[in-house]
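Please keep the sequence and the structure in view while reading.

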Amino acid sequence: MKRRSFLQSAVAVSAAGAVGNSSLANAAPLAEGNAGFTTSFSDAFAIDDNVVTFRTDAVTRPVNAMVVADTHLFTDDQRGEPYREFSGRMAKAYNQTTHFKTRQPTTPEQSFQAVVERANSQKVDLLALVGDIFSFPSEAAIDWVSEQLDGVTMPWLYVAGNHDWHYEGMEGSLQDLRSDWIEQRLKKLYQGNDPLMAAYDIHGIRFLAIDNSNYEVLPEQLEFFREQLRSGMPLVLLVHIPLYIPGRPMGFGCGHPEWGAETDRNFKIERRPKWPASGHTQATFDFHREVFQSDSNQLLGVFAGHTHRQSVDVVNGIPQFVTNANATGAFMDVRFVPNA
């Protein structure tokens with residue numbers, strides 16, 4: 001599937017079916033900048049069920065990553081008692097699910113344990129957790145995940161989703177609530193890195209974790225992305241909420257031109273502030289535009305969650321992959337193999 005063969009517009013591709021502790025101290029240190037580097041890193045990619053494969057000059061040996069999103073863990077204990085009025089709905093949302101492949105009953109805990117075990121057994125190079133690992137910021141669930149990650153044998157990273165830090169009905173702006181609960185509960189999952197934007201080098205590929213869990217991108221995150229482009233490194237972008245694709249619904253909302261108060265259908269049930277009447281910030285629109293105007297030979301792809309439905313779209317040669325929900329056992333295998 002040659003990138004240059006795609007039309008210079010959005011192309012929606014059906015992806016049949018769903019995808020079936022060490023800290024990042026184990027990852028390679030960030031490489032020095034290499035602005036102006038124009039080698040074609042990747043000429044082709046393919047998707048087969050839940051497996052994405054890139055052929056690329058960026059690697060000299062196969063590099064494997066697992067992308068996991070939307071586990072929606074709900075475990076809580078007595079520490080959560082003062083917050084029951086804010087966690088009640090989501091605490092009952094995913095107690096039991098149906099496994100995406102076997103169609104047998106499963107649970108978020110079983111699903112998360114399975115991906116950790118698989119990551120270890122397959123000796124993957126990176127485990128990427130891209131948001132909504134939790135249904136609300138339960139101390140018990142966060143502690144449990146930390147214990148699971150203590151046993152992994154590869155680097156891992158975490159970027160928040162909109163539920164990870166959200167207690168429904170709690171007063172405050174989304175940006176303030178995100179900052180508060182990252183600081184109070186989620187901070188240890190970032191392993192000392194900036195929660196809103198961080199870069200991780202894994203065997204020649206730079207993975208960018210950018211938090212857009214309130215549907216917006218901050219000016220400093222936009223500048224961070226620009227700096228990574230200037231580095232000349234081969235890049236993979238990890239976000240929780242997919243970037244808007246023409247023809248996709250409002251759920252693909254980061255950068256959607258109609259996103260705002262008039263199109264916000266879920267603010268009541270989620271008991272959160274309504275999206276702003278002014279719509280997206282200019283930084284969010286600029287980020288969306290600059291991602292899909294990037295050199296497709298450098299930005300290999302975008303990976304997201306949030307929709308609970310696997311999909312792939314291509315804009316200007318840059319593919320965006322969305323993984324199905326890990327609450328159902330799903331994940332996405334991402335493989336980078338050297339060009340022959």
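## Residues with positive phi

Gln191 has a relative accessibility of 23% and therefore counts as partly exposed, since that class lies between under 20% for buried and over 50% for exposed. The structure shown is a predicted model. Gln191 belongs to the loop between α4 and β9 (197-202). Its phi is near 55°, which is a positive value in a residue other than glycine.

His308 is partly exposed, with a relative accessibility of 23%.

## The largest pocket

The volume of the largest pocket is about 440 Å³. Its lining consists of 26 residues, and those nearest the centre are Asn162, Tyr215, Asn266, Glu270 and His306. Sorted by class, the lining contains 11 polar, 9 nonpolar and 6 charged residues.

Glu270 is buried at 15% relative accessibility, and Arg272 is buried with a relative accessible area of 11%.

## Salt bridges

How many salt bridges does the structure hold? The number is 23. In one of them, Glu139 is joined to Arg185, with 3.5 Å between the closest N and O atoms. Glu139 is part of helix α3 (residues 139-150) and Arg185 is part of helix α4 (residues 174-186), so this pair ties together parts that are 46 residues apart in sequence. The relative accessible area of Glu139 is 26%, which makes this residue partly exposed, whereas Arg185 counts as buried at 10% relative accessibility. Both residues belong to a network of salt bridges that links Asp77, Arg79, Glu139, Asp143, Arg185 and Lys188.

Another salt bridge brings together the side chains of Glu290 and Arg289, at 3.7 Å from N to O. Glu290 counts as buried, with 17% relative accessibility, while Arg289 is partly exposed at 36%.

Is helix α6 enclosed or open to the outside? Of the 11 residues of α6 (residues 282-292), 8 are buried, so the helix is largely enclosed by the rest of the structure. The buried residues are Ala283, Thr284, Asp286, Phe287, His288, Glu290, Val291 and Phe292. An α-helix has 3.6 residues a turn, so residues three or four places apart point the same way.

Which elements do the buried residues of α6 pack against? They pack against helix α5 (219-230) and against the strands β10 (205-210), β11 (235-238), β12 (299-304), β13 (311-315) and β14 (318-322).

Strand β14 is mostly covered, with 5 of its 5 residues buried. In a regular strand the side chains alternate between the two faces of the sheet. On one side of β14 are Ile318, Gln320 and Val322, on the other are Pro319 and Phe321, and all of these are buried. β14 runs parallel to β12, to which it is joined by 3 bridges; Phe303 has Phe321 of β14 as its bridge partner. With β13, in contrast, β14 pairs in the antiparallel sense over 5 bridges, and Val315 stands opposite Ile318. β13 and β14 form a hairpin with 2 residues between them, and Asn316 in the turn has a positive phi of about 50°.

Strand β11 also has buried residues on both sides: Leu235 and Leu237 point one way, and Val236 and Leu238 point the other way. β11 runs parallel to β10, and 4 bridges join the two strands. Ala209 stands opposite Leu238 of β11.

Is Glu117 buried or exposed? Glu117 is exposed, with a relative accessible area of 54%. This residue has its place in helix α2 (residues 108-122).

Methods
Residues numbered from 1 in each chain as written. Predicted model: local features only at pLDDT ≥ 70, side-chain atom pairs only at ≥ 80, totals over all residues. Heavy atoms only, no water. 1 Å grid on protein atoms, 1.4 Å probe; cavity = no way out; pocket = protein on both sides within 12 Å on 5 of 7 lines; lining within 4 Å. Points joined across faces, edges and corners; volume = space filled by probe spheres on them. Nonpolar A, V, L, I, M, F, W, Y, C, P; charged D, E, K, R; others polar. Salt bridge = Lys/Arg side-chain N within 4 Å of Asp/Glu carboxyl O. Buried < 20%, exposed > 50% of the residue type's maximum accessible area, 1.4 Å probe, protein only. Contact = heavy atoms within 4.5 Å. Pairing = 2+ DSSP bridges.
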